[in-house]
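These notebook entries record what I looked up in the structure, one topic at a time. Each entry begins with the point I wished to settle.

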Amino acid sequence: MGSYYNFKKVQVVPKAMDFIDIVLSKIQRKTPTVVHPNYQISRIRQFYMKKVKFGQDCFDEKLDQILTDFPKLDEIHPFYADLMNVLYDRDHYKLALGQIATCKHLIDSVAKDYARLLKFGDSLFRCKQLKKAALGRMCTIMKRQKDSLAYLEQVRQHLARLPSIDPNTRTLLVCGYPNVGKSSFMNKLTRAEVEVQPYAFTTKSLFVGHMDYKNLRWQVIDTPGILDHPLEQRNTIEMQSITALAHLRAAVLFFIDLSEQCGYTVAAQCNLFESIKPLFSNKPTLLVVNKIDSMRIQDLSGPERARFDALVADGDVTVCEMSTYTDEGVMETKKSACDKLLASRVEQKLRGTKINDVLQKLHLAEPLARDEKPRPHAIPEAAANRVKLEKSDPNRRKLEVDLEVENGGAGVYNVDLKKLYQLKEHEWKYDKIPEIMDGKNVADFFDEDIESRLEELEREEERLEREGFYDDAEVEMEDSDEEALMEAAKEVEKKKQLLMRESWLKKSKNRAIMPAKFKKRSPADMANAFAERGMDVEERSRSLVRKRGRSESRAALSREPSQAMSLAREQSLAAKRHKSSVSVTRDRSTMGIKNAAQKTESEKVLHFAQRPRNMMAKASESDRRILTKMPKHLFSGKRGSGSASHR
C-alpha cells in the first residue's frame, strides 16, 4: 500500500440488519430452492450444505471488503495514521476492525461445524433444521456487530470528506494563530475557496489548494489556528495542524499579525512560534508578517521589536512582509517560499546515499594532449563580430517576420523556400523539377509540335463537317446469333409473365376454398381415380361380395410369373405413395372414468386438493413463495437518473 491513499474508494458499510437482508436475499436468489420427493438423502444433504457454504462465502466476501477497504494504520503514511488517531481514536478504530475480523472467523467456524453435521443428516427435516440453525447463528453473530458497523460507517463518511493530500510532493504549509490571514493568503495563491470570516476558528479542518510555479505542481495546505497552551490541552482542531507540521516535508509559513487585529498580542504569537519551533526542524521556515497595510515591522515599539528580532536572530528563519488586503508582497512571499523549498529538497537529496549511486554511473571524459602544440578555442570571426539584433535599428537585416508584415501579413504572405537554395547557378533556383516515370524523364518524350498538330486535326474535322461526311445515317450491323438470342430471351420473359399472372389469378379468387373431404364425388370419379392407380374396381367389388375361393389364387398362379410380379409391385408402390396416418386425440381427464357421476366426483376432489395452494397463491408444491416482493435494501435510497445497479 502506497503512502498516498484514496479514502473516497471505501465502499458503504451497511447496518447489521441490512447486512443480514443482503446475504439472505442473495442465498435465496443464487442457490436452488426446490427439493423433490424422489431425491436421495445424499442429494438432500448436498442441497442444504450448499446453502450453508454459500452463506459463509457471502458473509466472508462482505467482511473481507470492509477489512480491505479501510486503511491499516501500520501500513499507511505516518501523517495519515496520526491524523486518523486525532480524528477517530486509534484504539477504537482498531477495535472495530478487530471485531469485524473476529466475526468473520466465527462465521467460518459455524459453517464448518454445521457442514460436518449435515454430512450425517438422516432425513429431509433434520437437514433443513441444521441449515436453518447454521444461518441463524451466522445472523446472530452479525447482529452483535451493530455498533462496530455503525462506527465504521461514520468513519467512512468522514474519510470521504477529507482532502486528498500527497505527503511527498512539494508543499507549502500555512500555520499560525486564528484570524491572522492564512485562508486569505491561500485563496490568493490557489483556486480553493476557503471560508474567510472576521472571527476565530473559521477553518476547522485541513484545506488543500494547488498552484503552478516553474512548471511544477505545488499543493498549499491551510491549517486551523493554533493557540499557545500545552500539547495535551489542545483540541482536535488544533491537533490536525500539529500533525501536519510534524509529518509533512514542506515549507512552513508561520503567519504573524503585528497590528493585533486578530485578537492576540505580538508576545503571545512569538511564544507560540517558539513553542512549536521544534516541529520546524529540517524544514525551510518563513516568518510572514501579514497586514502591513495596518502596521509594519518598523512601527513596532521597543519591547515588541526586541522580541521579534529574537525570533529571527539565528538566521534560519526568513522574514517576508505582505498584505492580502492590498496584494502587496503576496507573489514575493510565494516565490521566496517555493525557491527555499526547492533548494532544501535538492540539498536533502545530495546528503542522501542515492547521490553516490548516481555519481558512480557518471563519467566526465577529458581529452588528453597529444603534443605540446597549443590549440585555443576557435570562434568564427563573423559570429564574434555579429551585431546584436535590435528592433529599433533601421539598418538591421530583414527577418521573415518583417517580410510577412510588408507583404500582407499572415494568410497572405507565402514563404519563399527556394531563395536559400545553394546551386551552381543562381537562376536555377526556380527551375521546374523534372518529372520522372519508370526511370525516364517525361520531358524527353514531349513533342514540341503537339499544339500545331492538334490545330491541324481540328481544322480537318471542321472541313469534313462542312462537306457533310457525317450526314449519312449509320447502318447498324447486327449478328444473326445475337438476334436469335435476344428473341429467345423475350419469349422466356413473356412466358414467365404469363405464369406469374395465372398464379396471381388463382390466389385472388374472392371465395372460400372448400376442403377436399367436403367436395362432392361421383362413383365415376372414384373409379377413374382407382384406375389411375392401377386398381380394378369391379374385381375388388366381386371379392367383397362373394367368398374368395381357391380359384383366385389359382388364377393368379395361372398368369405369367413376370406379369404377376409386376402387377404386385405396382400395387405396393401405389399403396405406399397414398398411405396416410391418422392420429386420434383422446381426453385424458376422462380416462379411467366409467360414467358422468365418477367424472363429477373426481373434479370435486381435484378442486379440494388445490384449495390450500390457491390460498397461498402457489401453483404447486415446488413453487417458492416470496413474502416481500420489493426488499427495502434493494429499493430504498436515492438513485441518480439511469442508475439501476442492484447488489
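**Entry 1: F59**

I located F59 in helix 2, which spans residues 41-69. The model is a predicted one. Is F59 buried or exposed? I noted a relative accessibility of 1% for F59. Buried means under 20%, so F59 counts as buried.

I then listed the contacts of F59, leaving aside residues up to four places away in sequence. F59 touches F19, V23, I107, M138 and M142. I also looked up the pair F59 and L24: they are 35 residues apart in sequence, and their C-alpha atoms are 9.7 Å apart in space.

In which order do the strands of the open sheet stand? I recorded six strands in the order 2-3-1-4-5-6, with mixed pairing. Strand 2 and strand 6 stand at the edges, and each has a single partner strand, so one side of each lacks a neighbour in the sheet. On average, neighbouring strands of this sheet are turned by 25° against each other, direction ignored.

I next examined helix 9, which packs on the sheet and touches strand 1, strand 4, strand 5 and strand 6. The direction of helix 9 makes about 160° with that of strand 4.

**Entry 2: strand 1**

Strand 1 pairs with strand 3 in the parallel sense over four bridges, and T171 stands opposite Q219 in strand 3. Strand 1 also pairs with strand 4 in the parallel sense, over five bridges. There, the bridge partner of G176 is F255 in strand 4.

**Entry 3: strand 5**

How many residues of strand 5 are buried? I recorded six of six for this strand, residues 285-290, which is mostly covered. Both of its faces are covered: T285, L287 and V289 are buried on one side, and L286, V288 and N290 on the other.

I followed the pairing of strand 5 in both directions. Strand 4 (residues 251-257) runs parallel to strand 5 and is joined to it by six bridges; I256 has V289 in strand 5 as its bridge partner. Strand 5 and strand 6 (residues 317-321) pair in the parallel sense over five bridges, and the bridge partner of T285 in strand 6 is V317.

Strand 4, helix 9 (residues 266-275) and strand 5 make a right-handed β-α-β unit. Strand 5, helix 10 (residues 302-311) and strand 6 make a right-handed β-α-β unit as well.

**Entry 4: helix 7**

Which residues of helix 7 are buried? Within this helix (residues 182-189), I noted K182, S183, F185, M186 and L189. They cover an arc of only 160° around the axis, so they lie on the same side of helix 7.

Finally, I looked up what this buried set packs against. The buried residues of helix 7 pack against strand 1 (171-176), strand 2 (207-213), strand 3 (216-222), strand 4 and helix 11 (330-351).

Terms used: Residues are numbered from 1 along each chain as its sequence is written. This is a predicted model: local features need pLDDT of at least 70, side-chain atom pairs count only at pLDDT 80 or more; totals for chains, interfaces and linings use all residues. Side-chain values use heavy atoms; hydrogens and water are left out. Buried means under 20% relative accessible area, exposed over 50%, partly exposed in between (1.4 Å probe, protein chains only). Helices (H or I, at least four residues) and strands (E, at least two) are DSSP runs, numbered from the N terminus. Two strands pair if DSSP finds at least two bridges between them. A crossover is right-handed if, with the strands pointing away from the viewer, the path from the first strand over the helix to the second runs clockwise. The arc is that of the directions from the helix axis to the C-beta atoms. Contact means heavy atoms within 4.5 Å. Axes are lines fitted to C-alpha atoms, for helices over the stretch in contact, and angles run from 0 to 180 degrees between N-to-C directions.
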